[in-house]
Each structure stands twice: as C-alpha cells, then as structure tokens.
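Here's a quick briefing to read alongside the model. Have the sequence and the 3D view open as you go.

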Amino acid sequence: MITTTGLTKVYRSRGREVTALDGVDLHVREGEVYGVIGQSGAGKSSLIRCVNLLERPTAGTVTVDGRDLTALAGRGSRAGKELRQARSRIGMVFQHFNLLSTRTVQDNVELPLEILGTSGKERSRKALELLDLVGLADKAKAYPAQLSGGQKQRVGIARALAGDPKVLLSDEATSALDPETTRSILQLLRDLNRQLGLTVLLITHEMDVVKTICDSAALMEQGRIVESGTVSELLATPGSELAAALFPVGGEASGDDRTVLDVTFHGEAATQPVISQLSRTYNIDISILGAAIDTVGGLQIGRMRIELPGRYEDNVVPIGFLREQGLQIDVLGQEPVLAKEGAK
Amino acid sequence: MQPLLSQACWDTLYMVGWSTVIAVVGGLPLGILLVLTDRGGLLQNVLANKVIGQIVNVARSMPFIILMVALMNFTRWITGTTIGREAAIVPLAIGAIPFFARLVETAVREVDGGLVEAVQSMGGNTWTVVRKVLVPESLPSLIASTTTTIVALIGYSAMAGTVGAGGLGDIAIRYGYQRFETELMWITVAILAVVISVIQFAGDYAARSLHRRGGRSGPAPRLRLLKASTATTGETV
C-alpha cells in the first residue's frame, strides 16, 4: 500500500548538511498497522512527512496505493493539483492535534470536505457520521479548547477520515496523551483499521504503541531502517533489538563462568516442559533470572532468561538441545548468527 | 463654536475611517505576503521578501509630516488638490499601509505552523491556507492591530491638520496655537481622548470576544502584539 524506495532527505541550512533519511526502503501492506519506532532525531518525522510529500524527498520514490507521488510532485516546491488530490486521499493525525481553534468540532471535521468541494448538506451529514464513529457525536458544537486531549485527538482522527482515505498516517498521535487515553486512542485506531480496512502507518517513540496495535514494525536509527518485519518475524529473529525492546526480560549473570540464555517460546513450543527436560537430560542446574508472558501483536509469547553453569563452550550441547525443541535461543554476550540478515 | 467642533470631529472621523479601510485592504495582503515569502514559507521567495520588507521598513520609518509633503504631487494627481480632508486621506492611507502590514505579519506569524501542515495534508493549496487558517486563526490579533492602526491614524490626522487637512488637529492648531483660545484647544483634547478611548475599548472588546469564542484563555491579544515574534520557521530534522 505504501512503498518507499531509497528515500533520502537532506536538509541544508547555512552550509551545513543534515541527512535525516538515508535510503529508506519501507513496505507497508494493505490493511496492516505498521509502526516505525525510533528516538527523536532518528528521522521518523521526516519519513512520515515524505510519505505525503509535506517534505520533498531529496531522492527516492514514494508510492501510495499504486500511485507514484514523487512523480506527481513536479519540480517546484509548491504542490500541484494532482499531488493535492492524492493527499486528500491520505489521512493524517498529529501529535498536537492541529485543530483550528476558531472552528467548532463539526466545522473542523468538515474542513477537508470544504477543500474537496463537497456541498454543505453532505458535509454536515458526513461530519456527524464520523463524529459518531469516534464517539464524539455530542460534542459537535463544542470548540476544541473545551475538549480533553483524548477528545481532541478523536476529532483529529474523524477529520483525517473525512476524505475517505485508504491510508492513515499517524505522527506520534498518542505522545501528548496520558497512558489511559493513549490506550483508548490506540483501540480506536485498531477498530478503524479492522472496520474500514484502513492501512495505518504510525511513527512513535513508545514501544507500548507498537506492542499494542502494530502488525509490523521497523526500527529507525540515524535515518536508516535497521530492522523491520512483522512482529512475529521480529520476535523469531535471533538478536533482534526490536524484539528485545518489545519484550524485555531482566536479570544479570551471577558469576563469570555462567552462560545466560534468552529463551523465546511461541506457538507449540510454549506447551512443552523443555526446561525440566533439559535439566534431567544433562543433569545440570538451571536458574531462572527473569520470565514473562505477554501478547504482542495478537500473539501469545513467552520469554525467559535462564542461567546455565559453565561457559558457552561447555554448554554447546544443551543449547543445541533447546534449539532442536523449536525454541529461539539468544546467548547473551555472543554474537548472534545471521541476526541482521534475518531481520531484513 | 459647536458647529465648528462637530464639523471638525466629523472630518477627523471621515479621514481616519477611509484611510483605515484603505490601510486594511492594502496592508492585509502585504502582511500575509511577508509571511508567505519568508524563508520556510509557503511561497518562499527570499528576494521578494527582502524587497517588500525594505519598502515597508522605509515607509514606516518616514516621519509622517515629511511623507505628507513628499507625496504632495501624487495627492494632487489623485484628488486634484492638496488641501482638505479628501487630500489628507492619500498620505494617511499610504503611511498606514506598511504600519498595518507589519502588525499583520506579526499576528499571522503567531499562527501555529502545525495548522498549515494539517490543511496541506488535506490537499489544501496556499490560498486555502490563507483563507481557512491564517486569517481566521489570527483574527483576534488582526482586530487588535486594526485598533492600533486607527489610533495611530488619529494622531497622524492631527498632524495633517497643520497643512490644511481640517479636522480636530486643525482646530487645535488654528485656535489653540495661533489664537491662544486655550479653552477650545482643551475641548479638542478632551474630544480626542474620548474618541480614542471608545475606539480602543470597542477594538479590545471585539478581539477579546472573538478570542473567547475559541475558548482560549491568556493575555489580551493586544498585549501579545508587543511580544517579539518567537515563531520559528526552521525545518525539523
């Protein structure tokens, strides 16, 4: 649904060059919720603004719903008619809501329809319908200043949906909200994704957001995507930074001559009593340093950090045994094999 | 004495009224253009911005009395005379356009750039941004700017009185200064004070009630104009 190839954005100011995006290849499938996570300055903001060409990429292409937007853009810095038309089919929600303070909630939702040239009667019908969808039917005549943060973002979402978009871009939509409100907004995005088949591309710096609603995720660092894939793919990738961050388990080794393993269970493997089998088969004592079970991207996942006596070299056989059981094993302090290739 | 004063009062309001209308009509687009053509603006054009900015600066820093004299030929060309209230409107309006344009620029700059981005993301063009965002969102400040301009124009119009424009300034000069009729001069001072207070009050009221409709709290918009513009147009990385 959204594809970027070799997307590059370089900012030039006073002779200095800052590369915000460095050859980003992104592929968002139709109907999925795709999260791009990274620290501030990683280039997430530039990326999402390049998708609807609010920022002109320095190089590379952006294709949304089969249309090459970079080709529509033309050479000038102003958006031509075709690009503007394409933009109206891409909804966008913002961290700070960006509602017009002088317009009522309903008039705010009608704004994109005014731009599209929809008639007054049709506009108000559509706006009320959308406000109903986001659960704010009773606030149509209120002004944004009279609403709470969560309600403002609901208005922002209703407004983004006014042009019947297939794609919704979310620029840190929940970053200005408290945890409770964040959950309800994410739930709303999830519902819309399912009900309307809306493809959602969101950027965030909160791992919880990715954990709660994303089908796929990408990790951005210094203008590059360093890992990407569906959440289950990522979790199955040895040494994946995203997987570790999505699903952290704590615990430090108790001594030098110990081997610490992160064991990830999913699917069938979760039901096998592997740890006790391991202990009995090789007659070793296993300490559990940390463990957790959680639902990530709709998948039941278990993760455990265990400690075996002896160094890595002494434990090659038991580790092999665990891998044979279909478990994913990350050995701490050892370079994961093929980790990066696996993640791409 | 009374017909003299009421005629002068009317003349002042006539001059100020028309020059305000012209100043708003000319200054509003100019001020918006100053914002749009600036670095990072929607119609970024550094050269045009510098040129317009320079013209506005020069026109604004020109002492009004000199501007009035300098524009004499132009005034005669437009109105056929250099004396009387119609003739005074020309330099008053030309002096007020850059003054108002700068105030508009400051007011429009305070509009949150995120709103502009939102309208762009909906497929709006520059004209949509101006019409739906920049003007409505800065309206309270624009009204406060208009009030400030009217008050300044009343001051200028009194100066225009010294070179034959008529109005209250003319009365104060001719009767108060040249004929030592102190009483009449004080009456004009009182009338001016009342007129200015009424205009200021009405302007503040209008600006504040518009502001309240948006439900925002905070200092009166007139005060916000005094604050240096802190809006950054720098690009985010």
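Chain B has ten helices and zero strands, and along the sequence the pattern reads α-α-α-α-α-α-α-α-α-α. Helices are DSSP runs of H or I with at least four residues, strands are E runs of at least two, and both are numbered from the N terminus. This is a predicted model, where local features need pLDDT of at least 70, side-chain atom pairs count only at pLDDT 80 or more, and totals for chains, interfaces and linings use all residues. Residues are numbered from 1 along each chain as its sequence is written, while chains are lettered from A and ligands numbered from 1 in the order in which they are written.

**Chain B overall**
- Of the 237 residues in chain B, 42% are buried (20 or more other C-beta atoms within 10 Å of the residue's own, with C-beta atoms placed from the backbone).
- Take the contacts in chain B with a separation of 6 or more: 70% of them join residues 24 or more positions apart (a contact means C-beta atoms, placed from the backbone, within 7 Å).

**Helix 6 of chain B**
- Helix 6 (residues 113-121) has these buried residues: B:Leu115, B:Val116, B:Ala118, B:Val119, B:Gln120 and B:Ser121.
- They pack against helix 3 (81-87) and strand 6 (90-93) of chain A, as well as helix 7 (126-161) of chain B.
- After helix 6 of chain B comes B:Gly123, with a positive phi near 95 degrees.

**Helices 2 and 5 of chain B**
- B:Val56, B:Ala59 and B:Arg60 in helix 2 of chain B meet B:Pro98, B:Phe99, B:Ala101 and B:Arg102 in helix 5 of chain B.

Terms used: Two residues are in contact if their C-beta atoms, placed from the backbone, lie within 7 Å. A residue is buried if 20 or more other C-beta atoms lie within 10 Å of its own, exposed if 12 or fewer, and partly exposed in between; C-beta atoms are placed from the backbone.
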